[in-house]
Amino acid sequence: MLKARTAEGMSGLDAIVSDPRGAVIGLDFDGTLAPIVPDPTAARVHPDAPAALVELGSLVGTVLVLTGRPAAVAVEYGSPPGGPGLADVPGLVVLGQYGVERWEAGEIVAPPPPPGVEHARAELPGLLDRLGTAGVRVEDKGRALAVHTRRAADPEAALRALREPLEELARAAGLVVEPGRLVLELRPPGMDKGRALTAFLAERSARSVLYAGDDLGDLAAYDAVRACGLPGVTVCSGSTEVTALAERADIVVDGPDGVVALLRDLVAALRDR
Ligand SMILES: O=P(O)(O)OC[C@H]1O[C@H](O[C@H]2O[C@H](CO)[C@@H](O)[C@H](O)[C@H]2O)[C@H](O)[C@@H](O)[C@@H]1O
């Protein structure tokens with residue numbers, strides 16, 4: 001059953017259900033649509049998420065995936081063999097790399113990577129060697145570099161040890177550090193999920209919004225939901241790793257399983273109206 005624990009969340013849900021064509025349903029990928037796994041290249045969409053999103057996409061204004069992943073990677077990891085996959089969701093838009101890249105109808109629009117990424121890419125292996133960070137892995141995303149500690153012997157300690165040196169490297173390269181679930185990403189400044197969502201809501205002349213996320217980078221999107229002046233619902237895909245979202249969200253569900261259940265409840269409510 002569709003229910004929020006706040007009055008703002010309830011009025012957001014009411015607005016979505018009474019006028020679904022005006023709604024933007026925004027979802028983060030890792031930790032929200034895809035369960036967290038130790039190897040970032042092994043992440044795949046929850047097996048039941050695409051089918052729920054295909055249905056939802058035919059009922060609401062737009063389904064939006066807003067992710068730190070490159071947009072093409074989110075579509076690939078969201079498309080299991082035999083389908084359906086994210087690419088089958090009617091009207092889907094994927095904003096990747098925190099909103100810098102856009103995938104729509106199979107086409108990608110993306111500016112060239114900023115020059116600082118090349119500098120950081122060259123410096124990073126030496127820096128990690130000097131710090132002796134066994135088990136730390138770098139994910140090269142083209143326009144950003146994600147330094148993952150999940151597979152280190154002590155992931156939290158590795159994250160703490162890396163923070164300052166990576167901040168220094170980011171400063172020297174004209175980049176910023178984006179912290180996340182056992183990851184520190186060196187990425188270009190000037191864009192975040194809040195700015196991306198705000199611009200997208202304006203572009204679509206949205207009349208309501210729901211945004212679901214699990215990680216620190218999603219807090220900016222929560223801010224955007226509240227600042228946009230539309231009826232809006234924030235959903236936390238809950239985990240023990242990050243608690244900051246659960247403290248603020250209108251709805252807290254249990255990880256990607258809970259997100260899929262919520263999407264199904266939303267589809268059912270829209271079909272019943
Ligand atoms: O905005 P998102 O879709 O949530 O992407 C954020 C980052 O997620 C990925 O890392 C996280 O998921 C991995 C796979 O489950 C996990 O191993 C890692 O510990 C998590 O931090 C991804 O690898 C990054 O590129 C994304 O920016």
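Two residues are taken to be in contact when their C-beta atoms, placed from the backbone, lie within 7 Å. Helices (H or I, at least four residues) and strands (E, at least two) are DSSP runs, numbered from the N terminus. The model is a predicted one, in which local features need pLDDT of at least 70 and side-chain atom pairs count only at pLDDT 80 or more, while totals for chains, interfaces and linings use all residues. Residues are numbered from 1 along each chain as its sequence is written.

The protein chain holds nine helices and 12 strands. Its C-alpha trace spans about 60 × 40 × 35 Å along the principal axes. For 273 residues a compact globule would have a radius of gyration near 19 Å, and the 18 Å of the protein chain agrees with this; the radius is taken over C-alpha atoms, and the globule rule is 2.2 Å times the number of residues to the power 0.38.

An automatic or database domain assignment gives domain 1 (7-34 + 42-109 + 191-272) and domain 2 (116-187). Their C-alpha centres lie 27 Å apart. Where the two meet, 11 residues of domain 1 are in contact with 10 residues of domain 2.

Turning to the interior, 47% of the 273 residues count as buried, meaning that 20 or more other C-beta atoms, placed from the backbone, lie within 10 Å of the residue's own. A nonpolar core is a set of buried Ala, Val, Leu, Ile, Met, Phe, Trp, Tyr and Cys residues joined through C-beta atoms within 7 Å. The largest such core has 63 residues, of which Ile25, Leu64, Val65, Val94, Leu210, Tyr211 and Val235 touch the most other members. Beyond its neighbours within four places in sequence, Leu64 is in contact with Val24, Ile25, Gly26, Val93, Leu95 and Phe200. A second, separate core of 17 residues includes Ala120, Ala158, Leu175 and Leu186.

Methods
A residue is buried if 20 or more other C-beta atoms lie within 10 Å of its own, exposed if 12 or fewer, and partly exposed in between; C-beta atoms are placed from the backbone.
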